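Me: Please take one part of this model and walk me through it closely. I want its partners, its contacts and its surroundings in one connected account.

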Amino acid sequence: MKKLASFIFVLTSALSSPGFSEDSSPSGSNPSSSTSVKKSLVANWFQVTGGAIFDSDGGFSGVTGLSWIPTLLLSGNWRLRVSLGAMLANLGAGNGFFVGDGNLMLLYTEAKPLTLEVGGGGQYWDGRRNFHPQVRAGLGYRLPSSGLGFLHAVHLYYTHIFTPVVTSHQVMAGFSIRL
């Protein structure tokens, strides 16, 4: 785990584009001209979340997670985000298990400071040794940049997890940080 954290830190440092700001176009470009926007990658964003998984059999599981969320500016108000993370499920039940989580999300930022997110991916539930596809929708609120340091935004997500036995729904809230 320590080697993975070191790898992500080195990769984040190497890939981060200093000219990109979530609130503006890359430095040197004209924000009113969509043809002048250059693709930029910000790799030093992370997300901390907590929430619950509910299933159609009445089951409930507390869950918490940490994700690396590198984001690519596509053009104007559009961004593409990869979310790679790990969660712990069944918190407080005494039989917690690891959940690997990966998503590709499309973000739309026209209604600043709000961000709409849609996408999908999958979860690997180690406790059950199964991979489950998922679709996710989210809403983010970017915090003002002054005085908040590394805190970037707060998020709320709904995820539908496709499992063969029961229907599972995940509701998560969290915040993103920029290192």
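Reply: Start with E117, which faces G138 of strand 8 across the pairing. The model is predicted: local features need pLDDT of at least 70, side-chain atom pairs count only at pLDDT 80 or more, and totals for chains, interfaces and linings use all residues. Residues are numbered from 1 along each chain as its sequence is written, and side-chain values use heavy atoms, with hydrogens and water left out.

First, the setting. The protein chain has one helix and ten strands. (Both are DSSP runs numbered from the N terminus: helices are H or I with at least four residues, strands are E with at least two.) Along the sequence the order is α-β-β-β-β-β-β-β-β-β-β. Of the 179 residues, 39% are buried.

Now strand 7, residues 114-125. Strand 7 pairs with strand 8 in the antiparallel sense, over twelve bridges. Strand 6, residues 97-108, also pairs with strand 7 in the antiparallel sense, here over ten bridges. (A pair requires at least two DSSP bridges between the strands.) Opposite G121 of strand 7 stands N103.

A hairpin of five residues carries the chain from strand 6 into strand 7. P113 sits in that loop. The K112 to P113 peptide bond is cis, with omega near 15°.

V118 is another residue of strand 7. Setting aside neighbours within four places in sequence, V118 contacts L104, M105, L106, R136 and A137.

(A salt bridge puts a side-chain nitrogen of Lys or Arg within 4 Å of a carboxyl oxygen of Asp or Glu.) E117 counts as buried because its relative accessibility is 2%. R81 is also buried, at 4%.

The structure holds two salt bridges. The other partners are D101 and R136, whose closest N and O atoms are 3.4 Å apart. D101 lies in strand 6 and R136 in strand 8, so this pair ties together parts that are 35 residues apart in sequence. D101 is buried at 8% relative accessibility. R136 is buried at 10%.

H155 touches both E117 and R81. H155 is in strand 9. At 8% relative accessibility, H155 is buried. Beyond residues up to four places away in sequence, its contacts also include Q47, L139, G140 and M172, as well as A173, G174, F175 and S176. The side chains of H155 and Q47 make a polar contact of 3.3 Å. A polar contact of 3.5 Å joins the H155 side chain to that of Y157. (A polar contact is a pair of N or O atoms within 3.5 Å; within protein, one must be able to donate a hydrogen and the other to accept it, and residues adjacent in sequence count only if both atoms are side-chain atoms.)

Finally, the surface. L114, L116, L139, Y141, F150, L151, V154 and F175 form a nonpolar patch with about 670 Å² of accessible area together. Strand 7, strand 8 (130-142) and strand 9 (151-162) each give two or more residues to the patch. (Patch residues have over 30% relative accessible area and no salt bridge; nonpolar side chains, meaning Val, Leu, Ile, Met, Phe, Trp and Tyr, are joined within 5 Å, and like charges within 9 Å.) F150 lies in the loop between strand 8 and strand 9. F150 counts as partly exposed, at 48% relative accessibility. For scale, the protein chain exposes about 9,600 Å², and carbon and sulfur atoms supply 67% of it. (Areas come from the Shrake-Rupley method with a 1.4 Å probe; for residues, only the protein chains shown count as cover.)

Note on methods: Buried means under 20% relative accessible area, exposed over 50%, partly exposed in between (1.4 Å probe, protein chains only). Contact means heavy atoms within 4.5 Å.
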